Amino acid sequence: MLRRLARRTAVFPLLLLLLLPLVSPGVSAHGETDEEASVLEKLLASDKTRTATAFLHSVGAILLTTGLVVLLVMLRQPSLELEPNTLAAGRLVVAGICMNLTGGLMRLFEPGHPSILDFMQNRWVTMLVTKHLLLLLVYSASIVATCSTVDRERRRLATLGAIAGVIVVSILGAAADVIT
């Protein structure tokens, strides 16, 4: 049952993302789009696509965190057989990473989004680049935590490190909202 739930959880947002452009109007979230704008820019500027972007980014983070917590619980109980129990947690982690990355990349290319090249000139950009570099470390630790070839103690430490990273990333995200 958990396998079906994890599979459906990963497939539904992707279908939603693919279907939204068919029904979304060409309205820009940051004002009117240029008539010379590319199809991709018009797609990313629509309100429904921005909603899908926020959905993917947020639900992906929630799935990642849920998968890490479930994995930590499984790894702390030595009496449980790991492989079948951690398979669903691993799928939640992978689905969360994929959804979060998809939403984040879509957000990066939205019209009106600040350039990454303003790294040291804009405090908000500096904080978000730092946050996302840390997030790449969280993704790496999460993937190590789901590998069955790694011994149990290292998987547990990777899971704890990933959860700590999620907490720090959340604090950096909240601080970035205060700066703007």
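In this predicted model, helices α3 and α5 are oblique to each other.

**Exercise 1.** Work out which angle and axis distance describe the packing of α3 and α5, and which residues meet there.

*Solution.* Start with the geometry: α3 spans residues 47-76 and α5 residues 123-146, and they pack at about 40 degrees with axes 11 Å apart. Angles under 35 degrees would count as roughly parallel and 65 to 115 as roughly perpendicular, so this pair is oblique. The crossing of α3 and α5 is left-handed.

Next, look at the side of α3: His57, Leu64, Leu68 and Leu71 make the contact. Their partners in α5 are His132, Val138, Tyr139, Ser142, Ala145 and Thr146. Sorted by class, the contact of α3 with α5 has six nonpolar residues, four polar ones and no charged ones.

**Exercise 2.** Now describe how α3 packs with α6, and sort the contact residues by class.

*Solution.* Helix α6 covers residues 152-179; its axis and that of α3 come within 9 Å and cross at roughly 145 degrees. The crossing of α3 and α6 is left-handed.

From α3, the contact residues include Leu68, Leu72 and Arg76, while those from α6 include Arg152, Leu160 and Val166. The residues of the α3 and α6 contact divide into 10 nonpolar, two polar and four charged.

How values were computed. Residues are numbered from 1 along each chain as its sequence is written. This is a predicted model: local features need pLDDT of at least 70, side-chain atom pairs count only at pLDDT 80 or more; totals for chains, interfaces and linings use all residues. Side-chain values use heavy atoms; hydrogens and water are left out. Axes are lines fitted to C-alpha atoms, for helices over the stretch in contact, and angles run from 0 to 180 degrees between N-to-C directions. Helices (H or I, at least four residues) and strands (E, at least two) are DSSP runs, numbered from the N terminus. Angles under 35 degrees count as roughly parallel, over 145 as roughly antiparallel, 65 to 115 as roughly perpendicular and the rest as oblique. A crossing is left-handed if the near helix is turned anticlockwise from the far one by less than a right angle, and right-handed if clockwise. Contact means heavy atoms within 4.5 Å. Ala, Val, Leu, Ile, Met, Phe, Trp, Tyr, Cys and Pro count as nonpolar, Asp, Glu, Lys and Arg as charged, and the others, Gly among them, as polar.
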